[in-house]
Amino acid sequence: LWQESGQTALENARVCVFGSTALAAETLKNLVLPGIGEFTVVDDGVVGEQDTLTNFFVQPSDQGKPRAECIVQGLCELNPDVRGSAVTRSPAELLASSDPADIQLVADATLVLACGQPESVVCALSRRCWQARIPLVASDYAGFYARVRTSIPEHAVVESHADTPSDLRLLTPFPALRSYIEQIDLDVLDSTDLAHVPYPIIVAKALKALSLDGDAAVPTVQQKRELRDYITTMAHAPGEENFDQAVEAVTQHCKPYSTPDAIDQILSDPAVAAPPTDEAKGDHFWLLVRALRAYVHSDYALGMLPLNGSIPDMKADTKGYIALQRIYKQKATEDAAEFATHVARELSEAGLAGDYISADEVAVFCRNASNLRLLRFTSLHDEIEGKSLCAAAENLVAADVASHYALFRASARFEAVHGRYPGVTASTNDAEMLDDELVASDAAKLIDISNELLAEWGLGPETKVDEDLAMEFARSGHCELHNISSMTGGIVSQEAIKLITHQYVPENSLCIVDGVKAKSYVARI
Amino acid sequence: MAMASPFKCDAGISRYLQLKAPHVEGFELVNDENETPRDLLAKAKVLVIGAGGLGCEILKNLAMSGFNDIHVIDMDTIDLSNLNRQFLFRKDDVGKPKAEVAAAFIKRRSPHVSITPHFKRIQEMSEEFYLDFTIIICGLDSIEARRWINALICGLVEEHGFKGFKPIIDGGTEGLRGNARVILPSVNACLDCGLDLYSKKATYPICTIANTPRLPEHCIEWASVLEWPRLFPDKKLDGDDPDHINWVVEKASARAATFNIPGINYSLAQGVVKNIIPAIASTNAIVAAACTNEALKVVTTCNPYLDNYMFYSGLDGVYMFSFPYARNPDCLVCGKREGSLSLPATATLDELITALKESPVFQLKAPTISHGETNLYFQNPKALEALTRPNLVKSIGDLFESGSTLTVTDPTLTTSLSVSVDFS
């Protein structure tokens, strides 16, 4: 699914995981199986009976042993090519340390995962990772609910694998396409051959016949109607598939070329002129974007992105299809070569070697020029410290997730005040007594804290927390259910793979998993 | 209360089984039969169908969710290519039955769980076998197997009433997408009600494949769909057999060369023949967890269960939503079990059979047809097939009258269908 380039990125990646309960282990399982290069687990937890009941990667005989070591051992069995190691220390303690080796642990990571960590640890990690521009994905749980949040200043996707309509340039045919179409005479073809003419040629002929093929021509709604009618008369018999395809193509392909909005935004982004320095990480994105902008503004390109060159399958005879395909491929090759000269110029102006970016990478970027995506995030530490939430709070309401989010945050605040999570009687889950009255009264406290938080974020007083949901959170006692951790581990690992391979589009930035309603909510915060 | 195996569940699940939950409709700390949610979980007997990518995840989840009486059925043995997803298997296990190795792994990991493997095809097991279970979870990779178990389970309710009521939780994945559904036979939509959700992907038109190929896929289909059956009429093309795929690559490449079409390779050929998108661990994890999460809720009533179809996609962000798929009153399995066809009187019986296979409503595999007392065509046994084969080329107008009702049986169904045929 991520091809060789993605697989290489995975195999070169180093993932640093804080936490070692089921959530961490399940996330890692889905990274170890496809072949992540290296992973480290940081946690000082010790295997207890509860771990043997919820965490598949510890063994019943592991009780009393350091949990991080146990899951590393269980996970490494899944793939002998993966290198895994355990650091049996508390995440908080390690992050507070100024020992260079400890700092290197995070600094060397390709990606950092925080699984079931308290807000203080997540905040500290977020600062470290944000500064170093290392993607961080933090996840945690509360019974049937879970939360996933990605934090990285920016993330560029070149290979989004999105479905985009083909760029056939019918309204503005490039010279080779124009002359190829001109030398085809539909009038000398017999019925069989006519029924096998690829539709782009039919549409082009119709445009010419109705004098709509001039340089400034943009067919009006009325003219498009006339085009469709005319195309129908061109056929020898009704119901010919290629003529049907031509009629359909009028809507799609008889409109002026326009660069997708997302690309326009990227090309005019301030970072194009002043990119963040990421040479150490091999991030070539902005350099390539600068080259792309220069290309688009050049006389050669006439304001259009490089042609991708792929055409869809269509009703046609083999020879005609292949010939047409070759014309588009040739133009794409020429555009790619022209683009490469702009890249070379950017490299030389930056004082970099000509092969600093591989020819392959340049070609992939060029092919995907219409599908580029740039995601910008807010930092987790800004969110937790409340600096960015007021601006984003409306997104939570719009996504129907304000109550869930507030309850996660309220639970953390409750724990900071009372030294235990809502609904839980003892400080560890092992020797827990179940107390219905405590659950009910803690739910009431959760409601108050949540409503305070919602007001702090500028959402009160119309926005109140869902009281049944608060009851569910108190009922959960912030426990970890294996099914939810397994599902969340699947989601986190998939986001991790997207962030490492820069393929497919990651979620920006919050996802709440609802195991009661079997759905997820996403919001940008 | 004596248990078959000692029941253990983690403190988290215990909270959901024992705490009052006034906000959850239908949750009772003791039900009408004097059972607690803990009792329901302790005595639940779960059947897992499939011990592959989804199956391994499902078994792990069940063992980690307090289920302690699990059966798993799978007819396959372990292949080297399974090891990058099916994490209960190791290199030394290649060649051994999946169900047995998976069960042994789970047993070692969770000694208090009773887990029984069946190295069998689902069709080999008796009705009594299925009647014994509380709930069934499917991690299958074929529509036919899904339809078979769905039809069987729907039939059990009809025959045995409540005793035959077995919820099915079904999961499927494809690349970065997947789905899970909760089927309550005779209550909500069964699998066949939503057959169009599983419609076969459109294959290429036969004239393109035969005469005007343009894509490497067309050449591959030519080799696999036309040439293979022509040269090996009695041998089924096996997408998992490298010799078969290599043959396809060779023939397709030769054809592609004459048409100047580039791009044929082994993995493309295999993908086209098997019609597959690669499976990945993360999506399997998500869908399997959704299934076992629903199983826990269905069995214990601790929270509302999925009603009734969940869809997940990781292609662009994270997208998971669920909706109630409606029951189909005309469903061939749980509905009226009748259908109709309209064909010209001059159509042959063979063409009628093709129509039954290709129709999105029926999607039958190898139908056997009779009209009243008359056997029109038998797929099996060999002797009857030979006897009725001459009917295939006869026109249906000669075999019966317009408006007749035919009785049809098929490997995908466990009971017969009535199909009325009108001459158009």
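Arg15(B), Arg109(B) and Arg214(B) supply 14% of the area that chain B buries against chain A, more than any other three residues. The structure is a predicted model, in which local features need pLDDT of at least 70, side-chain atom pairs count only at pLDDT 80 or more, and totals for chains, interfaces and linings use all residues. Residues are numbered from 1 along each chain as its sequence is written, chains are lettered from A and ligands numbered from 1 in the order in which they are written, and side-chain values use heavy atoms, with hydrogens and water left out.

The contact (heavy atoms within 4.5 Å) takes 76 residues from chain B and 73 residues from chain A. Five salt bridges (a side-chain nitrogen of Lys or Arg within 4 Å of a carboxyl oxygen of Asp or Glu) are counted between chain B and chain A. One salt bridge joins Arg90(B) to Glu77(A), with the closest N and O atoms 3.2 Å apart. On the chain B side that touches chain A, the elements giving two or more residues include helix 1 (11-18), helix 4 (98-109) and strand 7 (309-313) of chain B; helices (H or I, at least four residues) and strands (E, at least two) are DSSP runs, numbered from the N terminus. Helix 11 of chain B gives the most to this side, with 12 residues.

A search of the whole structure finds four cavities of 30 Å³ or more. A cavity is a set of points on a 1 Å grid over the protein atoms alone where a 1.4 Å probe fits but cannot get out, and its lining residues have an atom within 4 Å of a point; grid points are joined across faces, edges and corners, and a volume is the space filled by probe spheres set on the points. The largest cavity holds about 150 Å³ of space. Of its 14 lining residues, Val122(A), Ala138(A), Asp140(A), Arg147(A) and Leu380(A) lie nearest its centre. Elements that give two or more residues to this lining include helix 7 (119-132), strand 5 (136-142) and strand 6 (145-151) of chain A.

The second largest cavity has a volume of about 60 Å³. Its lining includes Cys154(B), Glu158(B), Arg337(B) and Thr414(B).

How values were computed:
Buried area = accessible area lost by both parts, 1.4 Å probe. 1 Å grid on protein atoms, 1.4 Å probe; cavity = no way out; pocket = protein on both sides within 12 Å on 5 of 7 lines; lining within 4 Å.
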